[in-house]
Amino acid sequence: MTRTIRYLTHPQVTIDPDIPVPEWSLSVEGAKRVTNLAESGALTLTQYIYSSDETKALQTAGPLAADTMADVLIRAEMRENDRSATGYLPSDAFEAHANAFFDKPDESTNGWETAIAAQTRIVAAVKAAIAEAPHGEILFVGHGGVGTLLYCAFGELDIDRVHDQGPGGGGNFVTYDGDTLKPLHHWLPMESLYRS
């Protein structure tokens, strides 16, 4: 039987311009969504949880690991695309940069990591994790940008923001075929794992 592999993005965060983006924490709403998912029992068959080392990803992975009794295996290579050259950007400026990131995947926007480089990194990290955990369900916990790049790579799609998880602050997942790594569906909210 094909095993289940999921990629989950962290949900809503508290935006603080004075804190580096990788250190942002989940908001009250985001944390509650994670708690609800953990308490639902929807992920109890998960045997491996791999997480980005960013705070918001770890705060998502931790409660889910407690529910499944799986360890959180931290992989720095699963971080969001490197935007440290600009740091925090107001919403309009961020959206413009994000659009350029996807529109011109070979080019850096104001020093941002290119989409091609970020895609190469996340694909390698996920494939390496799958290779070291050849049996059992896997949950990857990460970010929307690199998560979309992973979706494009495994779905054999051109890099395009049309494949992004969309507005709403995150907290969405994609399930991948355990044999082919093809996505089985587009982004779905984490709540659909336990609500019919």
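Which residues does Tyr7 touch, not counting residues up to four places away in sequence? They are Ile122, Phe140, Gly142, His143, Val146, Gly147, Leu150, Asn172, Phe173, Val174, Tyr176 and Trp187, where a contact is heavy atoms within 4.5 Å.

## About the model

This is a predicted model, where local features need pLDDT of at least 70 and side-chain atom pairs count only at pLDDT 80 or more, while totals for chains, interfaces and linings use all residues. Residues are numbered from 1 along each chain as its sequence is written, and side-chain values use heavy atoms, with hydrogens and water left out.

## The largest core

Tyr7 is also one of the residues with the most contacts inside the largest nonpolar core, a set of 29 residues. Such a core is made of buried Ala, Val, Leu, Ile, Met, Phe, Trp, Tyr and Cys residues joined through side-chain atoms within 4.5 Å; buried means under 20% relative accessible area (1.4 Å probe, protein chains only).

Among the elements that each supply at least two residues are β1 (4–9), α3 (91–103) and α4 (115–132). α4 gives the most, with eight. Helices (H or I, at least four residues) and strands (E, at least two) are DSSP runs, numbered from the N terminus.

## Tucked-in α5

With 10 of its 11 residues buried, α5 is largely enclosed by the rest of the structure. Those buried residues pack against β1, α3, α4 and β5. After α5 comes Glu156, with a positive phi near 55°.

Leu26 sits in the loop between β1 and α1 (28–40), and is buried at 12% relative accessible area.

Technical notes:
Buried means under 20% relative accessible area, exposed over 50%, partly exposed in between (1.4 Å probe, protein chains only).
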